[in-house]
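This briefing looks at how two chains of a model meet and how one of them is built. Please keep the sequence and the coordinates at hand while reading.

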Amino acid sequence: MSRNGPIALIYHTLFVIFMLAPILVVCFVAFTPEGYLSFPTDRWSLRWFYAIGRYPEFISAFWRSLWLGALSSAIAVAFSVPAALAIGRHRFRGRDAMTALFMSPLMIPHVVLGIAFLRFFTELGLGGTFVGLVLAHIVVVLPFALRLTLASAVGLDRSIEHAAISLGASDRTVLRRITLPLVLPGLISGWALAFINSFDEVTMTVFIAAPGTETLPVRMFLYIQDNIDPLVTSVSACVIAITAAALIALDRAYGLERLLVGRSVDGR
Amino acid sequence: MKSAPYLLSLPALLLFGAIVIIPLVMTVLLSFHDWGQYKGIEPVFVLKNWHEVFTDSYFLEMFWRTFRIAFFVTLLAAVLGAPEAYILNRMKSPWRGLFLLVILGPLLISVVARTLGWALLFGGNSGLINKALVSMGLISAPLPFMFTETGVIVALTHVLMPYMVLAVWAALQRLDPQIENAAVALGAGPFTVLRRIVLPQVMPGILSGAIIVFALAASAFATPAIIGGRRLKVASTLAYDEFLNTLNWPLGAAVAVLLLVALVAIVVGASRLVERRYAQVFG
């Protein structure tokens, strides 16, 4: 394959700057020693990172987001494993419609989902509760969990299962000792992708979270709506650092491209 | 066992029936309910909200703005993102993986944090971008980015760019490099190869990326809310206001349902067109 010319490389450099600039700016401003938004020039300071400690709303929102993400992703994976085995290994009537239904939270605007859940949960008496948040997050992250479990269910070598059956294993033993271990990598990466999406979700959550149940992105969003000061940049810098670390770990373990498009860079 | 797939998918089907389909149906019904400042929501059947949404010029202007922003974001993402995906695809091993991570990674970083970055870069008259543009002599007076459509378009293009690069990248992976080599061997210049060989083959990727970006741009919330502020309303921020500030839920539901219906119509229609067009070429 031919190489990129100089113009292509200049374009590439500008493009990467465009993609990284807003993210890096947040991280730089977070280190300002001043009391207002500014770039640290001669002196760097951690004062705005220490300041986070004085705002318990951010800390509690962070833990809530973490639990919410872990719990809703785990439940979404639990629902998507049997569904993935059905869709990936059987041909049946309504299969396409079912897949479209499970993938629909990707297509429905999150504002519409937020409104629908707000109305629904208020009627049920679940408005502003953590249970409501978990239910809503299961729905929006399920497509991500399903996509990756589906990929591993489709790629599963059925002859291994047949071998186990011919050697006298029962259905349950096959499921427990053969099928589940084989789909496990897809299951874990599906959980991870679902977790990241839950952790970042703001549009839908802003409708259904109440002051006691705000997630971190919702707290950040509402804070920015009032005013932008260095405190919210240091909180954002922490979020960016955590996500970046998770991203690099995921990329090493599974390959980011495989996670996002279902194919890997070197065509594994 | 013919019933096995149904039994396996039953839990997820019940879940989606209970907490996706029922709430959506309730929202559609809500848009037909009456509302008053003092009486609250009245569960009657009126067309008041729909009449208001379709006749009031305020809503017309707002929906027009929403789709105009989505159109320009899609155009910018396609024009800027497709060449980058092509360049990325021609890179050698360590760089390719690294830059793919750098460009696709932001997809998973909080939208609020990324939009905050643009708010800092725009930041009124003293924003970094204006300082840079003035010092380069490109402009004499600072450009307004905050609370303008331009600002929302730039920030949203950044937020949604990874989806476009991803779609074009996926199309490029299916490309046979031998065809390019054959064209070069037959004497085609690099520009001709790009225009006559590469572009037609990645066009389905660009179009499917465009559909995703358009749908997400038209329904984006956090970015237009932060960059556009309270003055520059789009469909989703307007619905938010009706729900959480004015408390006119039926009217907010009508706006949201209209957005959903319009988007589904556009996305399904565009997908059909793309499929039909390219079924002839590749079928």
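How many residues of chain B are in contact with chain A, and how many residues of chain A do they meet? In this predicted model, 68 residues of chain B are in contact with 70 residues of chain A.

**The side of chain B that touches chain A**

- Helices that each supply at least two residues to this side are α1 (4–30), α3 (57–89), α4 (93–104), α5 (111–122), α7 (149–173), α10 (222–228), α11 (235–246) and α12 (249–282) of chain B.
- Of these contributors, α1(B) gives the most, with 17 residues on the side of chain B that touches chain A.
- Sorted by class, the side of chain B that touches chain A holds 53 nonpolar residues, together with 11 polar and four charged ones.

**Build of chain B**

- Chain B contains 12 helices and two strands, and its elements follow one another along the sequence in the pattern α-β-β-α-α-α-α-α-α-α-α-α-α-α.
- The C-alpha trace of chain B spans about 75 × 70 × 35 Å along its principal axes.
- Chain B has 283 residues, of which 44% count as buried.
- When contacts in chain B between residues at least 6 apart in sequence are considered, 72% of them join residues at least 24 apart.

**An annotated span in chain A**

- UniProt, in an unreviewed entry, places the feature "domain: ABC transmembrane type-1" at residues 62–250 of chain A.
- Residues 62–250 of chain A are 83% helix and 0% strand, and the end C-alpha atoms of this span lie 21 Å apart.

Methods: Residues are numbered from 1 along each chain as its sequence is written. Chains are lettered from A and ligands numbered from 1 in the order in which they are written. This is a predicted model: local features need pLDDT of at least 70, side-chain atom pairs count only at pLDDT 80 or more; totals for chains, interfaces and linings use all residues. UniProt positions are given in the numbering used here, feature names are shortened, and annotations may be inferred rather than shown by experiment. Helices (H or I, at least four residues) and strands (E, at least two) are DSSP runs, numbered from the N terminus. Two residues are in contact if their C-beta atoms, placed from the backbone, lie within 7 Å. Ala, Val, Leu, Ile, Met, Phe, Trp, Tyr, Cys and Pro count as nonpolar, Asp, Glu, Lys and Arg as charged, and the others, Gly among them, as polar. A residue is buried if 20 or more other C-beta atoms lie within 10 Å of its own, exposed if 12 or fewer, and partly exposed in between; C-beta atoms are placed from the backbone.
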